[in-house]
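Please read the following report alongside the sequence and the coordinates. It moves from the chain as a whole to a few selected elements and residues.

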Amino acid sequence: MGKGSILYRWLVKGVLLLILFIPQSYAEQLKYNITGSYSWYPYFIANQPDAPGMITELIPQILSLANIEGENLSLPPKRTNNALETGQLDFDVVSPSWFTDQDFGPLFVKSDPIMPITEYVVTRPENVESFKEVAEIKGKQIGTVRGYLYHDDKEFIRVDFTSEQELIKALDKHRITAIISGNYPALYWSNKLKIPVGLAAVHSDGVLVLRLRKEHADLLPALNQAIAQLKADGKVEQIIQKYTQAFAS
């Protein structure tokens, strides 16, 4: 046997050993997008690397613990849902409570809950009594965020704005009577802009999960274990407190 044959055999063995020791969960990279809008305070905060938002901080930790690589793609809001449908994205972060019958459809599976999230009908303080029941939004123009999902948006007339910040400004300028917003974003921008608002009826009450394309369902056990570990270690609660303790009351 010549030296060339021996060298070839050693090269083949070396390649096989490398393949064996590559972590299986790194065989593919999951592409994701955190939000369907340009701003989702305090879950996603653009251009603030020291405080990028609760979900922006948690997702890399979940993926790392699950031994999965991730790539955060920045897409225009209108493209996010289509990118998930076509496979350009592998997962995003949503609440089942935002979907009709809490159904993601046949293309997706969901992770265990990451954290709770509640949306309210938000209005000026003097109008809170007019929206004590969520049914009061039916048939009315209601402020919403472009690119966001609302489980009942066929029941009211959407008036889209670019962010929760713009929704609060629109309330103040009487451009709209009521909006739909999470409690944390509404309270944050109310405090930041010095615009008083009132939380009226609960619009949706649920949890945030990973909405994962079904072809990656085999990764769910590792993702769920990572989520459970972060909760058990108190990391999820620490991050929630970091962003909400100033205005959570």
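## Basis and confidence

This is a predicted model, in which local features need pLDDT of at least 70 and side-chain atom pairs count only at pLDDT 80 or more, while totals for chains, interfaces and linings use all residues. Residues are numbered from 1 along each chain as its sequence is written, and side-chain values use heavy atoms, with hydrogens and water left out.

The mean pLDDT (the predictor's confidence in each residue, from 0 to 100) of the protein chain is 88, and 85% of its residues reach 70 or more. Confidence is lowest in helix H1 (residues 3–21), with a mean of 47, and highest in helix H6 (residues 220–232), at 98. Over residues 14–25 the pLDDT stays under 50, and the model has six contacts beyond four places in sequence for this stretch; a contact means heavy atoms within 4.5 Å.

## Overall make-up

Seven helices and nine strands form the secondary structure of the protein chain, where helices (H or I, at least four residues) and strands (E, at least two) are DSSP runs numbered from the N terminus. Of its 249 residues, 47% count as buried, that is, under 20% relative accessible area with a 1.4 Å probe, protein chains only. Among contacts with a separation of 6 or more, 73% join residues 24 or more positions apart.

At least three residues come from each of domain 1 (30–117 + 206–247) and domain 2 (118–205), with bounds taken from an automatic or database domain assignment. Leaving aside residues up to four places away in sequence, Met115 touches Tyr43, Met54, Ile55, Leu58, Val207, Leu208, Val236 and Ile240.

## Helix H5 and its cover

In helix H5 (residues 183–193), the buried residues include Asn183, Tyr184, Pro185, Tyr188 and Trp189. Their cover includes helices H2 (54–65), H4 (164–172) and H7 (235–244), together with strands S5 (115–123), S8 (178–182) and S9 (198–213). Lys194, which follows H5, has a positive phi, near 60 degrees.

## Glu57

Glu57 is found in helix H2, and its side chain makes a polar contact with the side chain of Tyr243 at 2.5 Å. A polar contact is a pair of N or O atoms within 3.5 Å; within protein, one must be able to donate a hydrogen and the other to accept it, and residues adjacent in sequence count only if both atoms are side-chain atoms. Not counting residues up to four places away in sequence, Glu57 touches Pro52, Ile239, Lys242 and Tyr243.

Notes:
Buried means under 20% relative accessible area, exposed over 50%, partly exposed in between (1.4 Å probe, protein chains only).
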